[in-house]
Amino acid sequence: MIRRRLIAFAVTLFAASAAPLAAETVKPATAPEQCGGRNMIEEMRVTDPPRYQRVIDGAAKIENGGALLWKIEKDGIAPSYLFGTIHMADARVTALNAITTHALSKAKTVALEIANMSDQGMMAAMTKVPDLLAYTDGTTLKAQLSEAEFAKVQQLITKTGMPGDAAIVLRPWLISTLLAISDCHRAQMEAGKKALDEQVESTAKANGATVVGLETAESQLAAMASIPNDAQIKILKAGLVYADRTDDMIETLVQMYLKRNIAATMPFQLALAEKAGVDPSIYDDFIRILITDRNRKMRDAAQPLLEKGNAFVAVGSLHLPGHTGLVTLLREAGYKVTPAE
């Protein structure tokens, strides 16, 4: 699954392309509290038991994948917390439990991946790096896809309010990001419903905490665009196979999140790629660039805050598990990190 935080970039991009951002823009009055869909892991368990078992076995090998809230301790320093988020506005996700709410309320500093997730902030970032969003050297997306695949891309683009021809030069990673947005999810965002990480940010500010970013919007865009183009194309091709199941994909992510089964996320994605006839190794660069490398940078950025104590670090949940995840990296840096839920 392409990182869902970057959905904000894509939605903002298309909204701005269709009509400039303005204070008088009218937002829909209502949107669904949750989007529904079928849990594809449960479906796989019934329809494809061997592949399901590979997902389960793969998840079992990934350490620290069973909790979202972790307590960070070190002698002589007030404890801090690490929290795994998901960029969704689903009411089941945004309803934080009492333990997490308490930890957030006590924090003096709250660190997010990006400190400003507003439309204006995202658009300002994108206008600085247009070459990361679209080809500028004569390369076209159309030439790298089959006729049927490109037709799916155009259909996706037109649903956002842009002309289908705009897809010709957009980079594959951006289209893959759009594939993670269902009509229901788009309606939630257009209605102004806050995704979980945005809710954490607004709550922190209301509590009087200092809010900082571990990264910049530009650095996240640069990371996505730095995945080799051939890998971006193959990932897009795999995603297009499931283009009509976006609601199901979202529901599957929600269920994994609610059940604290974060470790299954990548094994599930690799299983879907394999089922689509795409070699799962296409995700090697994705994992290295977007998860492993950034985990180390996030750890380094978070440590000065942790040394002061009373920090609440909220990042995408995929950054927590694994031997190169933030939980392990922080332990290696000398902290005691234990599940807090």
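1. A residue is called buried here when its relative accessible area is under 20%, exposed when that area is over 50%, and partly exposed in between, with a 1.4 Å probe and protein chains only. By that criterion, 54% of the 341 residues of the chain count as buried. The model is predicted, so local features are considered only at pLDDT of at least 70 and side-chain atom pairs only at pLDDT 80 or more, whereas totals for chains, interfaces and linings use all residues. Residues are numbered from 1 along each chain as its sequence is written, and side-chain values use heavy atoms, with hydrogens and water left out.

2. On the overall make-up, the chain has 16 helices and six strands, where helices (H or I, at least four residues) and strands (E, at least two) are DSSP runs numbered from the N terminus. The accessible surface comes to about 14400 Å², of which 53% belongs to carbon and sulfur atoms; these areas come from the Shrake-Rupley method with a 1.4 Å probe, and for residues only the protein chains shown count as cover. Among the contacts (heavy atoms within 4.5 Å) with a separation of 6 or more, 84% are between residues 24 or more positions apart.

3. The six strands form an open sheet in the order β4-β3-β5-β2-β1-β6, with mixed pairing, two strands being taken as paired if DSSP finds at least two bridges between them. The edge strands are β4 and β6 (336-339), each of which pairs on one side only. Neighbouring strands of this sheet are turned by 20° against each other on average, direction ignored.

4. Strands β1 and β2 pair in the antiparallel sense over five bridges, and L69 stands opposite F83 in β2. The two strands form a hairpin with two residues between them, and G76 in the turn has a positive phi of about 85°. On the pairing of β2 with β5, five bridges join the two strands, which run parallel, and here F83 stands opposite A314 in β5. Strand β2 is mostly covered, with seven of its nine residues buried.

5. Strand β3 (residues 109-112) includes T109, which counts as buried because its relative accessibility is 18%. Not counting residues up to four places away in sequence, T109 touches A209, T210, V212, L305, N310, A311 and F312. Four bridges join β3 to β4, and these strands run parallel; the bridge partner of V110 in β4 is V211.

6. Two helices may be described against the sheet. Helix α10 lies across β2 (77-85), β3, β4 and β5 (311-316), running at about 160° to β3. Helix α15 packs on the sheet as well, touching β1 (69-74), β2, β3, β4 and β5, and its direction makes about 160° with that of β5. For these angles, axes are lines fitted to C-alpha atoms, for helices over the stretch in contact, and values run from 0 to 180 degrees between N-to-C directions.

7. Helix α11 (residues 217-226) and helix α15 (residues 284-308) pack at an angle of about 130°, with their axes 9 Å apart. That angle makes α11 oblique to α15, since angles under 35 degrees count as roughly parallel, over 145 as roughly antiparallel, 65 to 115 as roughly perpendicular and the rest as oblique. In this contact, Q220, A223, M224 and S226 in α11 meet I289, L290 and R294 in α15. The residues of the contact divide into four nonpolar, two polar and one charged, with Ala, Val, Leu, Ile, Met, Phe, Trp, Tyr, Cys and Pro counted as nonpolar, Asp, Glu, Lys and Arg as charged, and the others, Gly among them, as polar.

8. Helix α5 (residues 98-106) holds T100 and also T101. T100 is buried, with a relative accessible area of 2%, whereas T101 is partly exposed, with a relative accessible area of 39%. Leaving aside its neighbours within four places in sequence, T100 is in contact with L69, F83 and F312. The C-alpha atoms of T101 and V200, 99 residues apart along the chain, are separated by 9.4 Å.

9. The loop between α10 (196-206) and β4 (210-213) contains G208, which is exposed, with a relative accessible area of 61%. The C-alpha atoms of G208 and A107 are separated by 9.1 Å, although the two residues are 101 positions apart along the chain.
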